[in-house]
Each structure stands twice: as structure tokens, then as C-alpha cells.
Amino acid sequence: MPKAKFEILRKCKVCGSVFTAKTIESWYCSPKCSKIAWKRKKDEEKRRSKLEAIAGGVADDADYISVMEATAIYGLKKATLYRLVRSRKLPSINIGLHMTKIKRSDIEQMFPEVQAQEIIKQEPKLYSLEPKDCYTIGEIARKYHVDESTVASHIRKSSIPTRQIGNYVYAPKSEIDKLYQSL
Ligand SMILES: [Zn+2]
């Protein structure tokens, strides 16, 4: 019987070129593009966690906050806030050089639709490291169209737990799927 073969043509999410996806979960044309996507995702995470740290550092009862803090708390654009401050539409006070403070109540009045963004608390992670609930590195590489050394480095960077049995390294399917599907 001839081997059944079907092709999935897809546009690479990074470079836009059309490629044949090896699995339905391949989104990038090459390991290079998948690396770029990975880097972008990490940068975005870094940016977000920086903002969360800034927002988390503001006392709940602080009346005056910096523009950066307002950006972090309300998700408003820094440029928008500075423009409003410069045009004096948004009252501000200056504390020393380069430290403009604005009043929270002014922001909330001006942007009634914004609300202080809740800081998402990370749920404790639950994994199973039983081989039946895991992929080997090779399986991950094939499934997600990345080379094995890249998989290993993704696992390291994301602190996904692994387990070695004989020559194989196992990583929980749930965490790996979450990782690559969010890319
Ligand atoms: Zn590409």
C-alpha cells in the first residue's frame, strides 16, 4: 500500500514564507524562525514582568505616582501620559529632575475605562513525570519542528522539570505543549 501523505501548507508566523508543516503544530518554517519567535516571546514576558514589578511596588494608598508607574498600573502608553502632562491637560508635580508625578485620581477621571490591572498570581504548577505523561526530547523536537539542542535550551530557560531514564530525558507533556502552543 502506498504511504499516505498529506501536506499542510502554512505561512510562517515569523517571516511569512509558505512552508510545508510537518505536524499540525508547526508554526515556523525553520529552526531559525522558531528561535526568533521564542526570543520575541521571552522579551514580551520580560517586559510584562517588569511592568508587574513596577505596579506591585506602588502602595495602594499612594496618591501621586510616576508616569512609569501609571503605565504599569493602568496599561496606558507612556507617550500618551507625557503628552497630556506637557500640554497641561493632566496636572503634574515635579519632584527633582526627570521625576514627574501625576495624581491617580486625575488619571482615573480622565480615563474612566481604565482600571488598575490585577497582578496575576502564578498558580503552583503540577506536573506528572511519569513516562506516559512525558515526551522525550526527540519527540518534542519532531512534534514542534525544532532541533533537539534548542528544545533542551527552551526547557532549561523555562525551568521545566525533566527526568532521565536510561538514555532518555523526559519532560511533562502538559508543560511542553503549553510552552510551544503559546509561542
Ligand atoms: Zn520563517
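## Terms and model

A residue counts as buried when its relative accessible area is under 20%, as exposed when that area is over 50%, and as partly exposed in between. By this rule Cys 29, with a relative accessible area of 24%, is partly exposed, whereas Cys 12, with a relative accessible area of 4%, is buried. The structure discussed here is a predicted model.

## The zinc site

Both of these cysteines belong to the zinc site, where the protein donors are the SG atoms of Cys 12, Cys 15, Cys 29 and Cys 33, lying 2.3 to 2.4 Å from the zinc ion. Because the four donor atoms subtend angles of 106 to 117° around the zinc ion, their arrangement is tetrahedral. For comparison, the ideal angle for four tetrahedral donors is 109.5 degrees.

Along the sequence, the donor residues follow the spacing C-x2-C-x13-C-x3-C. Cys 12 is found in the loop between strand E1 (8-11) and strand E2 (18-21), while Cys 29 is found in the loop between E2 and helix H1 (31-56), so this pair ties together parts of the chain that are 17 residues apart in sequence.

## Charges over Trp 27

Two charged residues are placed over the ring of Trp 27. Arg 10 lies over the face of this ring, at 4.0 Å from the ring centre, and the charged end of Lys 13 also sits over the ring of Trp 27, 4.6 Å from its centre.

## The aromatic pair

A pair of aromatic rings is described by the distance of the centres and the angle of the planes. The structure holds one such pair, formed by Tyr 144 and Tyr 180, whose ring centres are 4.7 Å apart and whose planes meet at 15°, so the pair is stacked, given that planes under 30 degrees apart count as stacked.

## The cavity

The structure holds one cavity of 30 Å³ or more, and the largest cavity has a volume of about 80 Å³. Its lining is made of 10 residues, of which Glu 25, Trp 27, Tyr 28, Tyr 144 and Tyr 180 lie nearest its centre.

Conventions
Residues are numbered from 1 along each chain as its sequence is written. This is a predicted model: local features need pLDDT of at least 70, side-chain atom pairs count only at pLDDT 80 or more; totals for chains, interfaces and linings use all residues. Side-chain values use heavy atoms; hydrogens and water are left out. Donors are N, O and S atoms within 2.8 Å of the metal (3.2 Å for Na, K and Ca); water is not among the atoms, so sites may look incomplete. Four donors count as tetrahedral if all angles lie between 85 and 135 degrees; four count as square planar and six as octahedral if opposite donors are over 155 degrees apart and all others between 65 and 115; anything else is irregular. Helices (H or I, at least four residues) and strands (E, at least two) are DSSP runs, numbered from the N terminus. Buried means under 20% relative accessible area, exposed over 50%, partly exposed in between (1.4 Å probe, protein chains only). Rings of Phe, Tyr and Trp (its six-membered ring) pair if their centres lie within 6.5 Å; planes under 30 degrees apart count as stacked, over 60 as edge-to-face and the rest as tilted. A charge sits over a ring if NZ of Lys or CZ of Arg is within 6 Å of the ring centre and within 35 degrees of the ring normal. On a 1 Å grid over the protein atoms alone, a cavity is a set of points where a 1.4 Å probe fits but cannot get out, and a pocket is an open set with protein on both sides within 12 Å along at least five of seven lines; lining residues have an atom within 4 Å of a point. Grid points are joined across faces, edges and corners, and a volume is the space filled by probe spheres set on the points.
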